[in-house]
Amino acid sequence: MTKELLQLRVNGESHTVAAEPHHTLLEVLREELQLTGTKHGCELGECGACTVLVDGVPVLSCLTLPAQLDDRAEVTTVEGLARAGEGAPGSDATMLHPLQTAFAEEGAAQCGYCTPGMLMAAKALLDTNPRPSRDEIAHAISGNLCRCTGYTAIYEAIEKAAQAR
Amino acid sequence: MLRLPRFQLHTPATVEDAALLLREHHAAEQDGAKTGTPGITVMLVAGGTDLYPNMKRRQFTPSTLIALGRALPRGIQNGGLRPAGPLPLGVTIGAGATLAAVASDTRVLSGYRALAESAIAISTPQLRNMGTIGGNLCLDTRCNWYDQSLFWRMAEGMCMKTDPSVVCRVAPSSPRCLAVASADMVPALLALGASARVVNSEGERVIALADMYRDDGISHLTIGRDDIVTEVILPPADGWRSTYLKLRDRGSFDFPIVGVAAAVRLDGGIVREARLAMTAVGSRPMLVAAAAAALIGSRLEDDAIAAAAAAAHKIARPMDNTSGTIAQRKKTVPVFATRALASLREN
């Protein structure tokens, strides 16, 4: 079976990608676009490690076929969180998203494997609910497993990011 | 890495085109009971949250996949677009509506609370953003011997559902597959008296949801493989109160190991109509007819609820093929039935 051309908008950029039709969005992001920030976890919808945003809504890239996306769908991955050239004044450094900063400062990433998915689920929450309660945070990341932190540091990082916005 | 098997993907723009594709690929002739589920060559997919994991585990390996995302209606509306035959109309929900959309819809929350509660209890936020109500109605049955990787199943031995020449691994003397009905929304919709609009290349029809399931883990749907569920039709909510309770291992991710939905129509505090429905305790979701008989005319007094709960307990038939134990799940049924019905009392 041959590859087919796909039009994808990822992190604000349009891409024409040649991919096999049975390859998932996760596989296309990692293998065709080299956006390896999004992680392979269980690949069965049971861990949340591959979470990306499609038009701002968190979905699992391991269970999404690119061909099923709307033509104008905007995909956001963890690589799209930091903004290049918006660091310190006068520099071309990258400015991390407040969530990324808070995760680093609060130790919310230990092995780090779940972190990209956690960040994307948390971004979707804060974009729609800028001052979430602890229960709302827990609910928003209830589709993301972490085997290291026990979640408390993640909750605190998301609260800190909310306060920083 | 778990890759999907190769397939030809179709993305029809209309339900009618999808129905023609099903006919073209002889979907009506597909029979998993004869070939095993991996022998089914053409399938429909909506959200893909159940089918794609199953395909990655090679429980299904269709060579043709028809994606309904562009074809199915997604709206939730009062009355619906088209007449539903003799049924009075309450709210219609397009089969492509996501679980998240159903769970947050104000009409569903106010008039059909069991449905909203069942939707929010499904899996995870990401899954609810992807999965659809139509997909949940057609969810594959589940079993500890079936929902395993191909490697596991090849090592341990296949089951009847994937290989008809093999006995049911749960109960080797069983003449049929005992895989478990696991859709949370179905008992809620049964309790609410819902129907489904079904389309194929010959036309469309409306069927009561209570008639859409059969007690067989392989052929668990009575509709054909050439049929497409396009709408869920709910009767008017006037006077009805409803709720759904779910037992699962964790508060997220997991399928039900018991699900109980209750709905009553109260008039002056007296139950005029009642429905109690269950899932995950058999191969099909069940309406408990004797429970309704025990409740109608009552004021949801303790003894009426106890009689209804006992009726549910009597027909629940959990097998040792999900998480939890048979005894735990069987005992949970009357507990949940009691809690659900008691919560519907008027203050």
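**The domain contact in chain A**

14 residues of domain 1 of chain A are in contact with 13 residues of domain 2 of chain A; contact means that the C-beta atoms, placed from the backbone, lie within 7 Å. On the domain 1 side, strand S3 (51-54) and strand S4 (57-60) of chain A each supply at least two residues. S3(A) gives the largest share of that side, 3 residues. Strands here are DSSP runs (E, at least two residues; helices are H or I, at least four), numbered from the N terminus. By type, the domain 1 side that touches domain 2 of chain A divides into 8 nonpolar, 5 polar and 1 charged. Nonpolar covers Ala, Val, Leu, Ile, Met, Phe, Trp, Tyr, Cys and Pro; charged covers Asp, Glu, Lys and Arg; the others, Gly among them, are polar.

Now the bounds. Domain 1 of chain A spans 4-80 and domain 2 spans 98-164, as set by an automatic or database domain assignment. The C-alpha centres of these two domains of chain A lie 21 Å apart.

Keep the source in mind. This is a predicted model, where local features need pLDDT of at least 70 and side-chain atom pairs count only at pLDDT 80 or more, while totals for chains, interfaces and linings use all residues. Residues are numbered from 1 along each chain as its sequence is written, and chains are lettered from A and ligands numbered from 1 in the order in which they are written. For the complex, the predictor gives an ipTM of 0.95 and a pTM of 0.95.

Technical notes
Two residues are in contact if their C-beta atoms, placed from the backbone, lie within 7 Å.
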